[in-house]
Amino acid sequence: MILYLIQDYRMGLTQGQNLIFYWSAATNFSPLVGALVSDSYLGRYLTIAIASIFSFLGMLILWLTAMIPQARPGPCDPQTQDCKSTSTSQYLVLLCSFFLLSIGAGGIRPCSMSFGADQIDNKDNPMNQKMLERFFGWYYASAAVALLLAYSAIVYIQEHFEWKLGFGVPAILMSLSAFLFFLASSLYIKRKVKTNLLSSFMKVTILSYKNRKLTLPSVDANMWYSLTDSERHRPTDKLRFMNKACIIRNPEQIGPDEIAPNPLNICTVDQVEELKALIRVLPLWSTSIMMSINISQVSFALLQAKTMDRRLIGDFKIPAGSFIMFGIGAIFIWIMLYDRVLIPLASKIRGKPVHLGTKERMGIGLICSFMSMVVSAIVEHVRRTKAIEQGLKDNPDGLVNMSAYWLVLQHVLGGLAQAFTAVAQTEFCYSEFPKSMSSIASAMFGLGTAFANLLASAILSTVNNVTTKGGKESWTSTNINKGHYERYYALLAIMSAVNLLYFVVCSWAYGPCVEQNNGFGLENIRVSGSLEEELLQVSKAGEKDDDQGIVCNQISID
């Protein structure tokens, strides 16, 4: 997209990159709105259905910007080299396509994953947690395959067959996607919306403040308001001040049918716990923002690849925009190896189920992200040095005598960072949040990416402004050989190191998560046939002789 904006809309690198940052931010902020709308009003199925239509319309308009010559500035005059600037109407058409695509992403991204999880989520299944972990992993793996096709086949089409076909193919695929979704609608499990989360959050906040002077009863006291079908009937001891919103101050607050006549004066325990769950995960969630800032620097890696030797076999060259597929491939390969090879092998060696916790995986991802910036700085330092030695300082389009495949490692490390952190954080939020907030759980990582896009734009603009003082060349100059991208990468590496320390503190402060409290691993133990039969016989014997005082209270398994 950065090449389309520079070549066809004549934007500068900083202007085009900032527009992409803002578009990415809108695309990643919108899932939060979509999640609230889905969990509070429309439900996940209807939200995905509407969003699919918006996505198709956005892709259609983007395709039309390439098909209709009047939709973008005309070619420059070959004699005078005068170039027309982009008109306001042409900008608006382009922005309209971005806007519709962002709305579509706002509905699809938070709901598709949680809607898929709804199809297999069953608390009565002892393997439920493991099934959800595998689902989230393979969901990201399938998304990685789609991105691999996008950054290889689609980019190849755009580079060799122009944007008309390059945007036309995704538009056709989006229409096919929407058609298949509607075709299978009768097969889906469609959970009904139970509560309005936004109004619930506001009510809990207001009542917590209003009842701030009340004395908190013990957790076991029969003074907490909950409904018969509530997930919880007692509040947790975390963020205890918020428990005051669900205290029954006098019996008149509750009707004979256990329904509050005036629901504005009291909250249920579930409503309080929903907001508490959201507040508690925010510090840990924020640690992934720095990783997303690092990943958003792909446009600079594209400029690096364009100046390097991209030959793979003979004269065949991988397009500069396709190098990101090495990172995406790393996501898919790692998830496949982790789920199908490493975990089963480690479990077999140790003789018991082995599981990497969500917080451990998030930490490993942040380490990979830090290392990717270190490698990026080193590779760019070598590339720039070679470019200057070849006399290409004033020629950013000149070919540097250095293989572009030195960029693969930083892409792979960035892909591994996503494979660990994105999957683990989504699984973490889905497990920690009540089921009524599943769409919000799926939207949390995207929301962090949205903040990362805004912060990345702010960091880029700040670096550009600071380093150009006194007439100096910007670190992020359009002329990549005059700039100092290696210093920019080093700055991001330092920020990533600080973020790692912040993650350690947040992880310690959060304490054990749901999978640890539930004793993950015990639920995955497979009892051998003979022992299983013995336990069954003991259990039946206990049931038969219960009236004689023989009761099987507990069986311990080492």
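Which residues is Ile 293 in contact with, once its neighbours within four places in sequence are left aside? In this predicted model, Ile 293 is in contact with Ala 452, Leu 455, Ala 456, Ile 459 and Leu 492. Ile 293 is also, together with Phe 136, Phe 428, Phe 433 and Met 444, one of the residues that touch the most other members of the largest nonpolar core, a set of 110 residues. Helix α14, which runs over residues 438-467, gives the most to this core, with 11 residues. Apart from it lies another core, made of six residues, among them Tyr 45, Ala 49, Cys 111 and Phe 181.

Of its 558 residues, 49% count as buried, and the chain exposes about 28,200 Å², of which carbon and sulfur atoms supply 63%. When contacts between residues at least 6 apart in sequence are considered, 77% of them join residues at least 24 apart.

With its neighbours within four places in sequence set aside, Ala 144 is in contact with Ile 328, Ile 331 and Phe 332. Ala 144 counts as buried because its relative accessibility is 2%, under the 20% cut-off. Ala 144 and Ala 419, although 275 residues apart in sequence, are 9.6 Å apart in space when taken from C-alpha to C-alpha.

Lys 276 is found in helix α8, residues 269-286, and since its relative accessibility is 1%, Lys 276 counts as buried. The side chain of Lys 276 makes a polar contact, at 2.8 Å, with the side chain of Asn 243. Beyond its neighbours within four places in sequence, Lys 276 is in contact with Pro 235, Thr 236, Lys 238, Leu 239, Met 242 and Asn 243.

Arg 310, by contrast in setting, is found in the loop between α10 (298-306) and β1 (311-313). Arg 310 has a relative accessible area of 16%, and therefore falls under the 20% cut-off and is buried. Its side chain reaches the backbone oxygen of Ala 305 at 3.3 Å. Leaving aside neighbours within four places in sequence, the residues in contact with Arg 310 include Glu 159, Phe 316, Lys 317, Phe 323, Ala 404 and Tyr 405.

Cys 111, a member of the six-residue core, counts as buried at 0% relative accessibility, and Cys 506 counts as buried at 8%. With sulfur atoms required to lie within 2.5 Å, the count comes to zero disulfides.

The chain averages a pLDDT of 82, and 90% of the residues score at least 70. Among the elements of the chain, helix α15 (residues 485-510) has the highest mean pLDDT, 94, whereas helix α17 (residues 529-544) has the lowest, 42. Over residues 520-558 the pLDDT is below 50, and this stretch has 22 contacts in the model beyond near neighbours in sequence. Where pLDDT is low, the predicted coordinates should not be read in detail.

How values were computed: Residues numbered from 1 in each chain as written. Predicted model: local features only at pLDDT ≥ 70, side-chain atom pairs only at ≥ 80, totals over all residues. Heavy atoms only, no water. pLDDT = per-residue confidence, 0-100. Helix = DSSP H or I, 4+ residues; strand = E, 2+ residues; numbered from the N terminus. Contact = heavy atoms within 4.5 Å. Core = buried A, V, L, I, M, F, W, Y, C linked by side-chain atoms within 4.5 Å. Buried < 20%, exposed > 50% of the residue type's maximum accessible area, 1.4 Å probe, protein only. Polar contact = N/O pair within 3.5 Å; in protein donor to acceptor, adjacent residues only side chain to side chain. Areas by Shrake-Rupley, 256 points an atom, 1.4 Å probe, with all protein chains shown as cover.
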